[in-house]
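Okay, everyone, thanks for coming.

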Amino acid sequence: MIHHVVSWGLRPELDRTDTIDEIRSLLTGLVGVVSSIRSLEVVENVAYPDKNHDVAVVATFDDLAGLDAYQVHPEHQAAAARIRTLVTGRAAIDWQR
């Protein structure tokens, strides 16, 4: 199982709640569209806002091929392009368990 986590800091001029809702909608909308997604959740930071990113996606895939298929899927590419307009920074980690 591949675990995939990406976190973002939001652009400060945007409404936090609306922006997180949009990111959540964009990414959860991929479930059932990108067949390699096994689970996907969008979570909001609740602690240390001056140090932590604001929002993250936590997803799982059967294997690296499934993660790769997700990364290049046109619907994911479109969602990622929109998310890039809403955020100031990104961090990611992928691990296997």
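I'll start with the ground rules, then take the helix, then the sheet.

So, this is a predicted model: local features need pLDDT of at least 70, side-chain atom pairs count only at pLDDT 80 or more, and totals for chains, interfaces and linings use all residues. Numbering starts from 1 along each chain as its sequence is written, and side-chain values use heavy atoms, with hydrogens and water left out.

Helices (H or I, at least four residues) and strands (E, at least two) are DSSP runs, numbered from the N terminus. Helix H1 covers residues 16-28. At its N-terminal end Asp 15 is the cap, with a side-chain oxygen 3.3 Å from the backbone nitrogen of Thr 17.

Which residues of H1 are buried? Thr 19, Ile 20, Ile 23 and Leu 27, where buried means under 20% relative accessible area and exposed over 50%, partly exposed in between (1.4 Å probe, protein chains only). Down the axis of H1 they fall within an arc of 95 degrees, so they line one face of the helix; that arc is taken from the directions from the helix axis to the C-beta atoms. Thr 17 and Asp 18, on the other side of H1, are exposed.

Now the sheet. It's open, four strands, in the order E2-E3-E1-E4, with antiparallel pairing; strands pair if DSSP finds at least two bridges between them. E2 and E4 are at the edges with a single partner strand each, so one side of each has no neighbour in the sheet. E2 and E3 are joined by seven bridges, and Glu 44 has Val 55 in E3 as its bridge partner.

Technical notes
The expected span of a helix is 1.5 Å times one less than its number of residues. A polar contact is a pair of N or O atoms within 3.5 Å; within protein, one must be able to donate a hydrogen and the other to accept it, and residues adjacent in sequence count only if both atoms are side-chain atoms.
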